[in-house]
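Hi everyone, thanks for coming. Let me put today's model up on the screen, and then I'll walk you through it.

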Amino acid sequence: MMTAAELIRAQLRCMTTDPAALPALFAQDAVWQFVYGASAGIPDRLSGTDDIVAAVGDFTSQLEGLRFG
């Protein structure tokens, strides 16, 4: 099992270099909540891996050269 830090690093890596591997990091019933999502024009809650992966794909496709470090 990954530590929280390892999971975050894996998530950021997947978001920028390997989006197909992202679903394996989440439970099927995972939930992402964004407290200020509505004010930023994004959903404040994403439920399930399909919604999360779609949102990440939409986000990363809008940012050319996205890198986390």
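**An aromatic cluster and its surroundings**

Let's begin with phenylalanine 34, which counts as partly exposed because its relative accessibility is 29%. On this scale, buried means under 20% relative accessible area, exposed means over 50%, and partly exposed lies in between, with a 1.4 Å probe and protein chains only.

Before we go on, a word on where this comes from: it is a predicted model, so local features need a pLDDT of at least 70 and side-chain atom pairs count only at pLDDT 80 or more, while totals for chains, interfaces and linings use all residues. Residues are numbered from 1 along each chain as its sequence is written, and side-chain values use heavy atoms, with hydrogens and water left out.

Back to the rings. A pair of aromatic rings is described by the distance of the centres and the angle of the planes. The rule here takes rings of Phe, Tyr and Trp (its six-membered ring) with centres within 6.5 Å; planes under 30 degrees apart are stacked, over 60 edge-to-face, and the rest tilted. How many aromatic pairs does this rule give? The count comes to two. One joins phenylalanine 26 to tryptophan 32, edge-to-face, at 5.6 Å centre to centre with 75° between the planes. The other brings tryptophan 32 together with phenylalanine 34: the centres are 5.8 Å apart and the planes stand at 90°, so this pair is edge-to-face. Through these ring pairs, Phe26, Trp32 and Phe34 are linked into a cluster.

Are phenylalanine 26 and tryptophan 32 buried or exposed? Both are buried. Tryptophan 32 counts as buried because its relative accessibility is 18%.

Now let's step back to the whole chain. The protein chain has two helices and two strands, and from the N terminus on, the order is α-β-β-α. Helices (H or I, at least four residues) and strands (E, at least two) are DSSP runs, numbered from the N terminus.

What about overall dimensions? The C-alpha trace spans about 35 × 30 × 20 Å along its principal axes. Buried residues make up 25% of the 69 residues.

As for confidence, pLDDT is the predictor's confidence in each residue, from 0 to 100. The chain averages 85, and 100% of the residues score at least 70. Where is confidence lowest? In helix 2, with a mean of 81, whereas strand 2 (residues 45-47) is highest at 93.

Strand 2 is also the place of leucine 46. Leucine 46 counts as buried because its relative accessibility is 9%.

Helix 2 covers residues 48-61 and holds phenylalanine 59, which is partly exposed with a relative accessible area of 40%.

In the segment after helix 2 we find leucine 66 and arginine 67. Leucine 66 counts as buried at 17% relative accessibility, whereas arginine 67 is exposed, with a relative accessible area of 62%. Leucine 66 and threonine 16 are 50 residues apart along the chain, with their C-alpha atoms separated by 6.3 Å.

Last stop: helix 1 (residues 4-17), where glutamate 6 sits. Glutamate 6 counts as partly exposed at 37% relative accessibility. From glutamate 6 to glycine 41 there are 35 residues in sequence and 29 Å in space, C-alpha to C-alpha.
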